[in-house]
Amino acid sequence: MAENKVKALALLSGGLDSTLSALIMQKHGVEVKGIVFVTPFSSSEVDLRRVSESKRAYYSKVGIDVDVYEIVEEYFEIVKNPLHGYGKNLNPCVDCKILFLRKTKELLGIYGANFIITGEVLGQRSMSQMLNTLLHIEREAGVEGLVVRPLSGKLLPPTKPELDGIIKREWLMAIKGRGRKEQLELARELGLTEFQQPAGGCLLTVPSFSERLRKVLLRNELDQFHVALIKLGRHFFVNGRRLVIGRNEKENQQILRIASGKLAIFEPISTKGPVAVFESQDLDLESLSTILGIVARYCDEKENVEFFIKLPSGENFSYRIEKSFHPSEVEKFRN
């Protein structure tokens with residue numbers, strides 16, 4: 001197999017298809033280097049460093065050597081203005097693939113690689129994985145003929161690595177459509193037991209998250225802070241400003257970590273309950289009563305609840321509310 005020892009960059013999402021594609025090439029003696037691009041939407045995890053560490057750990061276990069690159073500001077731009085539009089939710093799939101392939105092309109020379117491997121399956125996604133779209137994406141990214149798609153390769157035009165004799169067409173498969181049966185069988189053959197579900201965990205494909213993000217875009221707030229914030233808690237709007245209430249102790253701590261010094265913080269001190277934060281530098285009495293009425297709804301005790309309140313200015317005070325809002329009242333403010 002030594003004559004087959006060439007280097008390729010495998011664009012990996014964490015999902016089954018891309019992982020299988022890299023493993024197929026490795027099986028045939030191709031030296032594969034995995035490339036993982038992490039964006040603020042790659043995971044519900046708030047800390048991108050933890051997402052990157054998780055990706056490295058997963059691929060190390062699978063047996064694929066990877067490097068992880070974080071993309072933030074460039075990705076925000078395509079989420080704001082996708083040239084090829086959104087998918088079913090706020091997922092700019094075509095523009096995302098073009099960006100990732102363009103960046104992978106820039107890495108070919110750095111790694112001394114000959115071609116790029118992806119996990120795309122012909123016809124699996126109507127927006128981004130039809131033949132004409134796949135070829136258009138290659139042209140836009142400047143990687144025409146350099147992208148090998150092992151799962152559907154026999155159904156696609158020959159690539160430059162095939163024509164140059166670097167890889168053989170019989171190594172490739174002829175999977176198409178939305179079914180998963182062939183991939184799952186292949187995973188068993190290759191000993192792959194852990195993988196993400198289709199879509200690779202991208203939050204932009206999740207309807208509820210997309211609805212929150214839509215409000216962020218409308219308010220021109222797209223940045224790392226607000227993306228982290230909308231990953232957490234229950235969301236409400238009081239007088240046009242966002243109120244976020246933690247759902248468990250882990251979320252309480254995450255909310256405190258990212259919001260301290262930036263948002264008003266509310267913590268119940270007379271009973272057990274969630275941490276809440278509000279997007280305001282100051283508070284009028286009407287807003288304060290409304291906020292605490294909503295937050296008290298999620299406390300163990302619903303009456304005579306005392307809160308400790310810390311404003312971004314550094315001012316601290318306590319305030320007691322007689323009674324929480326009724327659930328029907330709370331729903332009026334829900335995001």
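Predicted model: local features only at pLDDT ≥ 70, side-chain atom pairs only at ≥ 80, totals over all residues.
Helix H1 (residues 16-27) has 12 residues and reaches 16 Å from its first C-alpha to its last, close to the 16 Å expected at 1.5 Å a residue. H1 is mostly covered, with 10 of its 12 residues buried; the buried residues run from Leu-16 to Met-25 and include the polar side chains of Asp-17, Ser-18, Thr-19 and Ser-21. Among the elements that cover the buried residues of H1 are strand E1 (7-12), strand E2 (31-38), helix H2 (48-62), strand E4 (115-117) and helix H7 (181-190). Just after H1, Gly-29 takes a positive phi of about 90 degrees.

The largest nonpolar core has 69 residues, and the members that touch the most others are Met-25, Val-30, Phe-41, Tyr-75, Phe-115 and Leu-213. Helix H4 (residues 93-111) supplies the largest share of this core, namely 9 residues. Met-25, which is one of the buried residues of H1, is in contact with Val-30, Val-32, Phe-115, Ile-117, Pro-150, Trp-171 and Leu-172, when its neighbours within four places in sequence are left aside. A second, separate core comprises 23 residues, including Phe-236, Ala-264, Leu-292 and Phe-325.

A further residue considered here is Thr-159, which lies in the loop between strand E5 (147-148) and helix H6 (160-163). Thr-159 has a relative accessible area of 9% and is therefore buried, the cut-off being under 20%. Apart from neighbours within four places in sequence, Thr-159 is in contact with Gly-145, Val-147, Val-148 and Ile-167.

The other sheet is also open and is formed by 6 strands in the order E6-E7-E9-E8-E10-E11, with antiparallel pairing. Strand E6 (234-238) and strand E11 (316-323) stand at its edges, each with a single partner strand, so that one side of each lacks a neighbour in the sheet. On average, neighbouring strands of this sheet are turned by 25 degrees against each other, direction ignored. Strand E6 and strand E7 (residues 241-245) run antiparallel and are joined by 5 bridges, and Phe-236, a member of the second core, stands opposite Leu-243 in E7.

Helix H11 (residues 285-296) lies across E6, E7, strand E8 (264-268), strand E9 (276-278), strand E10 (303-310) and E11, and runs at about 65 degrees to E11. With 12 residues, H11 reaches 16 Å from its first C-alpha to its last, close to the 16 Å expected at 1.5 Å a residue. Because 9 of the 12 residues of H11 are buried, this helix is largely enclosed by the rest of the structure; among the buried residues are Leu-288, Ile-291, Leu-292 and Val-295, and Leu-292 also belongs to the second core. At the start of H11, a side-chain oxygen of Asp-284 reaches to within 3.1 Å of the backbone nitrogen of Glu-286.

Key: Residues numbered from 1 in each chain as written. Heavy atoms only, no water. Pairing = 2+ DSSP bridges. Helix = DSSP H or I, 4+ residues; strand = E, 2+ residues; numbered from the N terminus. Axes fitted to C-alpha atoms, helices over the stretch in contact; angles between N-to-C directions. Contact = heavy atoms within 4.5 Å. Core = buried A, V, L, I, M, F, W, Y, C linked by side-chain atoms within 4.5 Å. Buried < 20%, exposed > 50% of the residue type's maximum accessible area, 1.4 Å probe, protein only. Expected span 1.5 Å × (residues − 1). Polar contact = N/O pair within 3.5 Å; in protein donor to acceptor, adjacent residues only side chain to side chain.
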